[in-house]
Amino acid sequence: MSESAERRSVTDISDVTSQQSSTGLQRIINTQPFWVFVALIIICVFMGTISDTFLSERNLFTTTRNFAFMAIVALGMTTVIVTGGIDLSVGSVMGLSGIMAGITLAAGYPLWLGLAACLLSAMAAGAVNGFLIAYLRMSPFVVTLGMLAIARSLALVVSNNRMFYQFGPDEGLFLAIGGGRLMGLANPVWALIVLTLVFMWLYRYSTWGRHVFAIGGNMEAAKLSGIPVERVLMSVYMVSGLMAGIASFLMVGWLGSVTNALGQTYELQVIAATVIGGANLMGGSGYAIGAPIGAALVEVIRNSLLLAGVDPYWQGTFLGGFIILAVLLEKIRGRRME
Amino acid sequence: MAVLELQRVSKSFGAIRALEAVDLKIEEGEVVGLMGDNGAGKSTLVKIIAGNFPPTAGTMLIDGQEVHFSKPVEARRKGIEIVYQDLALCNNLSAAANVFLGREIKRRLGPIRYLDHKAMYERAGEIFGELKSETRPRDLVHRMSGGQRQAVAIARTRLSDPKLVLMDEPTAAISVRQVAEVLDLIRRLKETGHAVVLISHRMPDVFAVCERVAVLRRGKKVADKPVADSSPEEVTALITGALHEA
């Protein structure tokens, strides 16, 4: 009996491995980021044929740079949404951390200190969110809505409503990091590529990533399995804050100035990019690659509407419509699976 | 020596006495059915053994040594694994990921530790093979039948080679054919020398796989006898109180 059981388990494994290789492509085709990517290509080809400027090097350069900021924040947002949460404070946290970077550099401190002030303030805001959500079991929506107001107000308090545009001894380097380019791509795009690869790795190969998905799938089960649910949840909001801080640091360097209004209403675009990229608002599923793809679609559509001469006042309507449409598609897909 | 021994274990929640001086002994490789109506104290007893909360009075011994648990992890370290009633699985993860949840196999590359998917798929496949289950390690739990989900939950208990597996209503919400599968899984656990406590409402299941049946009524143990010396009618009478003690 044991022999047959052994033989059977061996065939089971080979069945499974051969099955996996045949479904590798299928797996990719079944994901939302793939279809959004297809849609993106179609829109680009279409716009390329009707507009001379769309596929110009200049337009591609600015478009990719514009969505890079959004996508970097969306990587953090995707992680939060996978746990079944939401982070409405990312735009305000960008404002606060951008001001922190600006005020530190303007006071004549070196670049690394400006970077530290930026990222630490962003992570501190995330830590407050995470603590209240993970340990006090408060609703992510309410907590991060509160932080949206708090961080924006702190940015005003700290900056005293001043604009910062002189960044001390390391100004040249600071502006070059955010505004420069390398091998034809804007630096923020390179940052996005690296960060996307990091998140893909984290989701697939780290225990942390595995636990993030487990919490989104079934928090009770995760707890019973001995996963430190509170610690992981708190870290997720800190990561979201960190991504907002990184995006903010690059953005201020690119803009060459910072006011407390930096990142205002940015959470809307970021959530749109995340949801379009395939993160399920109910938690449990999401893709790191979905963040740049979703952000690219949002930006390309915005850009296309501008090039097509549509009144920019309509942009919010399209953005909001896309959020609702993405969630609707998810719902329909979920129903078909059952 | 008994794998698990409870001596006069009691538990009160305020004025409510959920358990009163319950004795229970589980020997190595023994399958014991624990039966009782809703509110009889089965869940309380399971939670005490699993380390969810301590008893108000009485002692618990594992391999003859007194133990005090304050967290489920401590019970697991002492060789007690629990298959929860609602199965406690993550639907969005693969079977293998669920089996290894919280106990992932990792590899090290310099300072970086990363998940060893191949090892986990293989080991999960081996365990499913041992359990004679058709479950495939890479399948998502969310597309699985009740019986397959049960196999995943049971496979979790096989990682640590536990002394005792507690199963809380494993056949409550699944089809008849799947029930047979689960009962086979329980027999497989017994064959490999694991003691099993089967908490169940379903009389036929208990009589199919258990050697002994213990009955709780209103927090007291009213019967504890070999299945061969009892009958479903007698156990039903004990559960409802038509028969006081046996």
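Two strands count as paired here if DSSP finds at least two bridges between them. Helices (H or I, at least four residues) and strands (E, at least two) are DSSP runs, numbered from the N terminus. This is a predicted model, in which local features need pLDDT of at least 70 and side-chain atom pairs count only at pLDDT 80 or more, while totals for chains, interfaces and linings use all residues. Residues are numbered from 1 along each chain as its sequence is written, with chains lettered from A and ligands numbered from 1 in the order in which they are written.

Let's start with chain B and its strands. Strand β7(B), residues 106-109, runs antiparallel to β8(B), residues 112-115, and four bridges join them.

Elsewhere in chain B, find K163(B) in the loop between α5(B) (146-157) and β9(B) (164-168). With 19 other C-beta atoms within 10 Å, K163(B) is partly exposed; the scheme calls a residue buried at 20 or more such atoms within 10 Å of its own, exposed at 12 or fewer, and partly exposed in between, with C-beta atoms placed from the backbone. K78(B) is 85 residues away along the chain, yet its C-alpha atom is 8.2 Å from that of K163(B). Setting aside neighbours within four places in sequence, K163(B) is in contact with V3(B), G79(B), I80(B) and A195(B), where contact means C-beta atoms, placed from the backbone, within 7 Å.

Now to where the chains meet. The contact takes 27 residues from chain B and 25 from chain A. On the chain B side, α2(B) (72-77), β8(B) and α4(B) (117-130) each supply at least two residues. The largest share, seven residues, comes from α4(B). By class, the chain B side has 14 nonpolar, five polar and eight charged residues; Ala, Val, Leu, Ile, Met, Phe, Trp, Tyr, Cys and Pro count as nonpolar, Asp, Glu, Lys and Arg as charged, and the others, Gly among them, as polar.

Over in chain A, the tally is 14 helices and two strands. Its C-alpha trace spans about 80 × 55 × 35 Å along the principal axes. Buried residues make up 47% of its 338 residues. Of the contacts in chain A with a separation of 6 or more, 79% are between residues 24 or more positions apart.

For a helix pair in chain A, take α3(A) (57-82) and α11(A) (229-255): their axes come within 8 Å and cross at roughly 175°. The axes are lines fitted to C-alpha atoms over the stretch in contact, and angles run from 0 to 180 degrees between N-to-C directions. Residues making the contact include F69(A) and I72(A) of α3(A), and V236(A) and Y237(A) of α11(A). The classes there come to 16 nonpolar, three polar and no charged residues.

Key:
Two residues are in contact if their C-beta atoms, placed from the backbone, lie within 7 Å.
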